[in-house]
Amino acid sequence: METRFPFRDLENGSKNPLSGGSTIVSANPEVLQPSSVGTLDAGALFVLESKGNWWHAGYHLSTSIAAPAILSLPFAFAGLGWAPGIISLVLGASVTFYAYCLLSKVLEHLESKGNRHIRFREMAGDILGPNWNFFVVAPIQFAVCFGAVIGCTVLAGQSMKFIYAIYHPEGSMKLYEFIIVFGIVMMILSQFPSFHSLRFINLLSLLMCLGYSMCVVGGSIYAGYSYPNRTKSHRVVGSSTGKMFGIFNSLAVIATTYGNGIIPEIQATLAPPVTGKMFNGLCICYAVVVSTFFPVAISGYWAFGNQSSGNIFTNFAPTGSSSLVPNWLLFIANMFVLIQLFAVALVYSQPTFEVLEGKASDVNTGMLSLRNLLPRLVLRCFYVAIATLIAAMLPFFGDVNAIIGAFGFTPLDFVFPMVFYNIVFKPSRKSLIFWVNTTIAVVYSFVGFLGCIGAVRQVAMDAKNYKLFANL
């Protein structure tokens with residue numbers, strides 16, 4: 001059985017300016033043509049310009065994966081316990097590194113055949129058929145990215161409020177006011193024209209992740225030894241039903257913490273030839289992952305056991321009690337988190353910015369021409385304003401985002417890479433790699449489904465506390 005994507009003929013000699021001048025043409029004009037190949041759209045040429053080196057890809061990958069979501073890993077351990085928690089964390093790292101390498105290899109293989117893909121949705125449409133592009137992958141990816149931007153905005157507001165409360169415990173400012181401040185700054189930062197132009201911001205983001213992770217580890221050790229009589233247990237507690245849903249939720253938290261969803265868009269920022277560069281970038285990223293995920297999860301769970309909250313900072317400064325760690329440590333850690341949240345929100349805005357740029361900009365007038373600057377300013381500010389409004393109105397969006405994450409990151413990062421590899425390279429059904437890929441796709445499809453169930457249950461349990469513009 002032949003694969004469903006067309007390898008392009010090279011006989012007619014049309015040049016693709018996005019793939020270093022490689023010659024491409026479709027053997028069948030009716031087959032879906034990725035805009036990155038067939039046309040000079042502004043989204044491809046401006047937002048996803050291909051100028052980066054492998055270390056730049058490492059910065060982008062680290063920002064999209066090693067993000068403040070790691071602060072919830074001790075909470076995930078609380079639902080699993082020591083051994084299952086560590087095993088799940090190791091499996092998540094191993095499977096996603098493997099999946100992202102497979103996805104990059106598929107992209108490189110397609111490019112070597114004259115068909116370069118710079119968008120996840122078009123890659124899926126070429127391999128699986130156009131319906132998968134428009135009705136499955138594109139909606140999932142944009143929902144995940146927009147949800148990530150809203151989630152970053154809420155968390156940034158909470159970080160600013162946390163810093164404010166340290167020095168003004170009786171202050172009158174509300175959460176939505178801090179969210180608006182973050183949104184205003186984001187409107188300014190959103191004017192960086194391309195993904196590649198974020199490379200130094202994302203390097204700073206990488207350093208911030210290392211910084212607040214060290215603060216969390218140091219704070220957990222300090223709290224654990226300074227308050228030895230504080231009650232803590234590492235047993236998984238609750239009813240049988242509660243434990244079961246706790247496992248579902250914890251597995252979903254770990255899986256989505258490793259989520260990315262924009263591997264093709266990041267690989268698109270690399271200057272050709274791209275062979276091997278993404279692997280090097282992933283090595284940088286996973287060096288950061290190992291240096292942050294495991295110490296944060298283990299130290300946080302060791303210090304607070306099954307009382308670990310969804311944000312470890314809540315354990316450091318419990319409501320109604322004195323802080324368990326010095327205020328200066330909380331201030332520094334939250335500042336590091338806040339700085340990184342700007343970078344994470346910018347990274348997950350790029351797929352939407354690419355679409356807006358493609359619709360509104362003129363490739364013939366240049367990236368920084370007045371003709372293109374004005375629509376970029378208006379559309380990106382409008383996008384950020386909508387995300388900020390939703391974040392301010394629904395500061396409990398994290399519960400909803402858990403559903404989006406389980407439903408979105410799981411197929412994009414754990415399932416599709418395996419399916420794509422098996423279709424494109426067609427390994428023998430008797431081969432080990434075929435069954436490894438198939439097993440991972442099936443198992444993590446089930447994990448994503450269970451995660452959705454756990455997240456929906458959590459929304460139902462918390463619904464009574466939901467209130468517009470709540471001051472959480």
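## The whole protein

This protein has 17 helices and two strands, where helices are DSSP runs of H or I with at least four residues and strands are runs of E with at least two, numbered from the N terminus. Its radius of gyration is 22 Å, close to the 23 Å that the globule rule gives for 472 residues, so the protein is as compact as a globular protein of that length. (The radius is taken over C-alpha atoms, and the rule is 2.2 Å times the number of residues to the power 0.38.)

Keep in mind that this is a predicted model: local features need pLDDT of at least 70, side-chain atom pairs count only at pLDDT 80 or more, and totals for chains, interfaces and linings use all residues. Residues are numbered from 1 along each chain as its sequence is written, and side-chain values use heavy atoms, leaving out hydrogens and water.

## Inside and across

Of the 472 residues, 54% count as buried, meaning under 20% relative accessible area with a 1.4 Å probe, protein chains only. Now take contacts (heavy atoms within 4.5 Å) between residues at least 6 apart in sequence: 82% of them join residues at least 24 apart.

## Where α3 meets α9

Helix α3 (residues 54-65) packs against helix α9 (residues 199-226) at about 55°, with the axes 8 Å apart. Axes here are lines fitted to C-alpha atoms over the stretch in contact, and angles run from 0 to 180 degrees between N-to-C directions.

Who touches whom? On the α3 side you'll find His56, Tyr59, His60, Ser62 and Thr63, which meet Arg199, Asn202, Leu203, Ser205 and Leu206 of α9.

Methods:
Buried < 20%, exposed > 50% of the residue type's maximum accessible area, 1.4 Å probe, protein only.
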